[in-house]
Amino acid sequence: MLILGIETSCDETSVALVADGTRVRSLVISSSSMLFSQTGGVIPEDAARRQVECMQPALQQCMANASCTPADIDAIAVTSGPGLLGSLLVGTTTARVLSALWNKPLIGVHHTLGHLSAPWLTPPESQDLPSPTFPALALSASGGHTELWLRHSHTANTLLGATRDDAAGEAFDKGAALLGLPYPGGPAIARAAESGDALAFAFPDPLGNKDTLDFSFSGLKTALRYTLRDHGIAAPIPEAVCADLAASYQEAICRHLVHKISRALQQYPTPTVHIVGGVSANTRLRTLLTETLPATDICIPVRIAYCTDNAAMIAAAGYFLHAERGDSAFAPFVTEASSRLPQQAIAP
Ligand code: KG4
Ligand code: ZN
């Protein structure tokens, strides 16, 4: 089953063709994050305007890369939420038009279910199919959400914990802004941290002793602000000091994530943990996970492009929704965009 995926929930315009939920035939991602490198975050109106411009070329490129014609496509999957409403509308409107034009069924996909499906993706040239298993714990950590799920199947999921304030990626983005580093903050902090000392500055352990699987990141961002103030560090921050701050701050975020996963594993001992969402691209997080949980199979999307927002994961999720729910996965022709799509769409 070949699915055309469309993802426009934030600042990316992405189109993909994925066969049977796993084999990526083509993936095009055009990001407008460069527009926002100095603004500290995405300006929704600007992101949506850019997506209107990028959508048609991205679609053409995606079809050409796979030498695909509309007749080859079985269904269209599109992110229906949550996300920036103007951006979502670019994707859902495109999907609805193509669905009517090509007479293809539509599947609306919750953005998080897309991320959760990313470990199944395999690049066009790869011979080996990754085979993530159920039951599994899954951490989905991005700029918009941080959630810990217990997964029994693609459509049977239990939410174990979520952030009470900022998302993990948001902590990276806001921390980067404080350090004078560009948006998106995750890759910028990771780069700066490479030459830094993670023990140079102390950060609190959020919700340290609390008996909960929830997360909290806003205190870390405030601690970074106070660290700058208390040490009299002002812009422009010297490179070596910035490296130490970035390394220490990154370490605190990663340790908080790993701490909660370890705690969850004690309560729900699954052999596998899936790590997805933009923050799963973080190298220090990956190292810390394998060091802390040597007996656990840590399953991460095989490409960085599958960790951050992309349409292949949406096509995969659309496929799995259909595989487990049959034709009832098809939206009745219209797929509405919703900026605040409830989690019931993942765990009905
Ligand atoms: O999943 P994603 O692409 O978009 C959302 O759904 O939000 O995640 C984007 C987030 C941003 O906050 C970005 O700073 C973070 O993921 N991110 C990273 C890394 N790459 C992207 N965080 C830490 N380390 C990275 N290497
Ligand atoms: Zn995302």
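Predicted model: local features only at pLDDT ≥ 70, side-chain atom pairs only at ≥ 80, totals over all residues.
Residues are numbered from 1 along each chain as its sequence is written, chains are lettered from A and ligands numbered from 1 in the order in which they are written, and side-chain values use heavy atoms, with hydrogens and water left out.

Next, select I253, L257, I261 and I275, the residues with the most contacts inside the largest nonpolar core, which has 48 residues. A nonpolar core is a set of buried Ala, Val, Leu, Ile, Met, Phe, Trp, Tyr and Cys residues joined through side-chain atoms within 4.5 Å; buried means under 20% relative accessible area, exposed over 50%, and partly exposed in between, with a 1.4 Å probe and protein chains only. Among the elements that each supply at least two residues of this core are β6 (136-141), α7 (239-267) and β9 (272-276), and α7 gives the most, with 13 residues. Helices (H or I, at least four residues) and strands (E, at least two) are DSSP runs, numbered from the N terminus.

Stay with I261 and leave aside its neighbours within four places in sequence: I261 is then in contact with L137, L139, L148, V273, I275, L289 and L293. A second, separate core of 28 residues can be found by selecting V18, L113, W149 and A315, which it includes.

Now show ligand 1, which 18 residues surround (a heavy atom within 4 Å), the closest being G143, D173, G186, N282 and D309. An oxygen atom of ligand 1 is 2.9 Å from a polar backbone atom of G186, and an oxygen atom of ligand 1 is also 2.9 Å from a polar backbone atom of D309. Taken alone, ligand 1 exposes 540 Å², of which the protein buries 90%, with accessible areas computed by the Shrake-Rupley method with a 1.4 Å probe.

Finally, select A64 in helix α1 (residues 44-65). A64 counts as exposed because its relative accessibility is 52%.

Terms used: Contact = heavy atoms within 4.5 Å. Polar contact = N/O pair within 3.5 Å; in protein donor to acceptor, adjacent residues only side chain to side chain.
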